[in-house]
Amino acid sequence: TQPYASLVQVDLRLYDVDRIEVLRGPQGTFFGRNAVGGALNLVTNKPVDEFDTYVTVGAKSFDGDEEQYDIEGMVNVPITDSIWFRGVGYYEDSGGMVENKTPGANDSEHEYYMVRGALRWAPSDRTTVDFMAMYTNEDQKLDETVPAGVWDTDSVATFFLPQPAPPNNPPGIPTPVNPLGVGFWDDNTNEHARSAINENTQNDTTTLVLNIEQIMSDELSFNFVAGYIDTGTDRLFDNDLVPEHVVFREQDRTGESYSLEGRFNWSRDAFDLIGGVLLSHDKKEISNRVQRGDDDVVNGVNFADIGSLPPAFLNGVFGRPFCLASSDDSFEMDSYAIFGDFPWHATEQLDLIIGGRYTVDDVEQTFFAIGADGTSRWPSATFTEGRKLERKDNFNDFSPRLGATWSFNDDVNVYGMVSKGYKAGGFSLGVNTSDNSAIDSTYDEEELWNYEIGLKSEWFDNTLRLNLSAFYLEWSDLQLETFFFLTPGDPTSNVELTINVDDAEAKGAEIEAIWLPTERLTLTGALGYTDTEITSNEQARLSGNLFVSLENEDLPRSPELTWASTAEYRLPVGSNEAWFRAEWIYRDEMFSTIEDVTYKQTSNQPICDTVCSDPAAVVLGQVPDRSDGFPFKGDDYHVINLRAGFELGQNWEFIAFVENAFDEVYFAGTGENFGLSGFRLRPHPRTYGANATWRFK
């Protein structure tokens, strides 16, 4: 059981890991936690009954610019004959990949450390108790992003670009601001110029897991699993993305998640039966403060009218109560589930599978908009219970799984699977600042049907493993997130709205292969093809009273083609061994958000105070020409990584590597994009590095 990672934003860096299991499709009949599209099962190395330790030190350079240094260590110690301990620690200190050219401002350096301790108690050969505790901490200064020089619709609608806010309307900013002349992507991939406000993000996470296994017989075993995660994020961010201090945001996020699971596994000659129950609780709280800075003028244009707030110096006197957008949000979900999976070995060649999961989710969300007096900023009769929005609802679902496997022999089998996935519904809460009314929208639960056929096989005396699969996914009430400002020019009218798309689909195929042509050479390859489409007639709202059609559009974050391959060669050098490894990774072009998917529809569109089709509408700004697709449709990219290692005896290993060896210029997607210098894109420079490991048993 793993606590609900999507709520608490767990950092999944991997150290001292035994294996990673990739489970595709809905996963609700094997584990306590529900998963709609798939699951990653991360299995760390457990304590063992003998002494073992290693230390790894490493360094790397981001294309000769800045450096990062790190150290990792592990120690495994038997405490008694039945109690063993394993401890892991990691620390890194990085100069970052992006320099902030504003005098006195943070660069993108960061520090990160992790400590993990695991204890195993085996009082008998039938009872095992595993306990793991982990703590991670990250202190990131400036985000590692550079300006794209293309405005998003939120910026255009807030600042009335390319002109400033009324009433003066002098000649405005015709194009995105080039802060301190650093340039835009891809002429610039390592510089930004942002306000000197000590911009930083601090994350910390505590994770606890208890797993008790009791073997009753050769056929029956029981597991009790308890998991807990607590996370916190403190963030100070420069929203305007220019050296002038116009708009900034302070945000605190906390997350807490726990789960209790009981599971049994009964294995007979004719069948296997897995079943269990789950109780879980997830909670997330966000305190958000968007504020005015000390500057009003950028490139000769005065933005003093944004938010119509008092002078910024009053924030220093009264503790910054005068916010553009100030709110406290919370989300809680209690889940209860019963699940089971029943593979029946009908014949020596045929297995039939039936499984299912019944889930009940109790969801509660609140929204409280705070003003200078500590009460609701927008007093209105539509806000109940102390001018705070609070909504509760119950969602339930039964998700079946049906399948069959036919084994031609011990090395080749084919399978077919039909399974259903489910995600609970919820609420989008906020405020309409134009009339002080509440935004109170409910979105329905999401359902996914997954149809898959495939082949799993091994050939030529197990020197070639070949897996093939084809799939079709069909969504009902797919949940997509939109973010926009309800009232143009008013940043206090920010709305985070989750909408339901009635129908969407994806179809595709995958092929995976591992081939050992010789004892020394290993080749791997994985090719994936996915075609996605929103098939129902849907609309989404963006900032500036822009409405876009989603029908026939791609789903966000769904590249059509992906490819990954490796070649590794090992050879003896005397009594030692050397190895060489090359990696080739390809990803097709991809959209990241709804704004990206619909970029052609918004290109050159006017921004109006109401819907522009209204004859009385006033044009306030205009979306730039987006005909070239940048950066909405991220380019496809090829990345080549090269690695080489030398194992000296039983105790030493030395590794050198070059990542992105041919210096491919690419970004993986778009994210938070508000600001006068345009979208923020994360570079991936060529990186050189080496590390050395000493191990002693």
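Phe 591, Tyr 599, Phe 632 and Phe 679 form one aromatic cluster, where rings of Phe, Tyr and Trp (its six-membered ring) pair if their centres lie within 6.5 Å, planes under 30 degrees apart counting as stacked, over 60 as edge-to-face and the rest as tilted. This is a predicted model, in which local features need pLDDT of at least 70 and side-chain atom pairs count only at pLDDT 80 or more, while totals for chains, interfaces and linings use all residues. Residues are numbered from 1 along each chain as its sequence is written, and side-chain values use heavy atoms, with hydrogens and water left out.

The structure holds 18 aromatic pairs. One of them joins Phe 632 and Phe 679 edge-to-face, with 5.1 Å from centre to centre and 85° between the planes. This pair links distant parts of the chain, 47 residues apart, since Phe 632 sits in the loop between β32 (619–622) and β33 (637–648) and Phe 679 in the loop between β34 (652–659) and β35 (680–681); helices (H or I, at least four residues) and strands (E, at least two) are DSSP runs, numbered from the N terminus. Both Phe 632 and Phe 679 are buried, a word that stands for under 20% relative accessible area, with exposed meaning over 50% and partly exposed in between (1.4 Å probe, protein chains only).

The strands named here also pair with one another, which requires that DSSP finds at least two bridges between them. β33 and β34 run antiparallel over seven bridges, and they form a hairpin with three residues between them, where Gly 649 in the turn has a positive phi of about 65°. Eight bridges join β34 to the antiparallel strand β36 (residues 687–696), and in β36 the bridge partner of Trp 652 is Trp 694.

Finally, a search of the whole structure finds one disulfide, defined as a pair of cysteine sulfur atoms within 2.5 Å. This disulfide joins Cys 608 to Cys 612, with 1.9 Å from S to S, and the link is right-handed, with 105° about the S-S bond. Cys 608 is buried because its relative accessible area is 2%, whereas Cys 612, at 32%, is partly exposed.
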